[in-house]
Amino acid sequence: DSVAIRIDGVKAAGASLSILWTFTDTGETYLMELSNGVLIHRPTRHRPETDLSVELARPQLLAVLASGTVDGMKFAGDPGALERLMELTDQPDPSFAVVTP
């Protein structure tokens, strides 16, 4: 969800990609799809054809999303799909005012 809300809809309008995330420690699998400027994800039991499939432990997910690469991970497909996803993502503003006076 935190990546989906940071997608730049205008930049991502013409892009499409899909990533299958398989978590080795929990046995869960999620399909992430970007199209029409919107990123969605959902749990799945199927293994559809995707641009990229990544197998990792859940704690490794933050490192992958922070670096934008799957170096050292077990993957199949185009690792550039993750790089393209990160290019379409706005960087968070660390000085975002949660509450303003």
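Mentor: Let us begin with a term: two strands pair if DSSP finds at least two bridges between them. Please keep in mind that this is a predicted model.

Trainee: In which sense do β2 and β3 pair?

Mentor: Strand β3 covers residues 38-43. DSSP must find at least two bridges for a pairing, and β2 and β3 have 6 bridges. The sense of the β2 and β3 pairing is antiparallel.

Trainee: Which residue in the turn between β2 and β3 has a positive phi?

Mentor: These two strands form a hairpin with 2 residues between them. The positive phi in the turn is about 55°, and the residue that has it is N36.

Trainee: What is the bridge partner of L20 in β2?

Mentor: β1 and β2 pair in the antiparallel sense over 6 bridges. Their hairpin has 5 residues between the strands, where G27 takes a positive phi near 80°. In β2, L20 has as its bridge partner L31.

Trainee: Which elements give two or more residues to the largest nonpolar core?

Mentor: This core has 23 residues, and those that touch the most other members are I19, W21, V54, L56, L82 and L85. Two or more residues come from each of β1 (17-23), β2 (29-35), β4 (52-56), α2 (60-67) and α3 (80-87).

Trainee: Which residues is I19 in contact with, leaving aside its neighbours within four places in sequence?

Mentor: I19 is among the core residues that touch the most other members. In soluble globular proteins, nonpolar side chains tend to be buried together. With those sequence neighbours set aside, the contacts of I19 are Y30, L31, M32, T50, L52, V54, A81, L82 and L85.

Trainee: Is F23 buried or exposed?

Mentor: F23 and Y30 form an edge-to-face aromatic pair, 6.2 Å centre to centre with 70° between the planes, and a search of the whole structure finds 1 such pair. R58 lies over the face of F23, at 4.4 Å from the ring centre. Buried means under 20% relative accessible area; because F23 has 3% relative accessibility, it counts as buried.

Trainee: Which backbone oxygen does the side chain of T89 reach?

Mentor: T89 is placed in the segment after α3 and, at 5% relative accessibility, counts as buried. Leaving aside neighbours within four places in sequence, T89 is in contact with V3, R6 and I7. At 2.8 Å, its side chain reaches the backbone oxygen of L85.

Methods:
Residues numbered from 1 in each chain as written. Heavy atoms only, no water. Core = buried A, V, L, I, M, F, W, Y, C linked by side-chain atoms within 4.5 Å. Buried < 20%, exposed > 50% of the residue type's maximum accessible area, 1.4 Å probe, protein only. Helix = DSSP H or I, 4+ residues; strand = E, 2+ residues; numbered from the N terminus. Contact = heavy atoms within 4.5 Å. Phe/Tyr/Trp six-rings, centres within 6.5 Å; stacked < 30°, edge-to-face > 60°. Lys NZ or Arg CZ within 6 Å of the ring centre and 35° of its normal. Polar contact = N/O pair within 3.5 Å; in protein donor to acceptor, adjacent residues only side chain to side chain.
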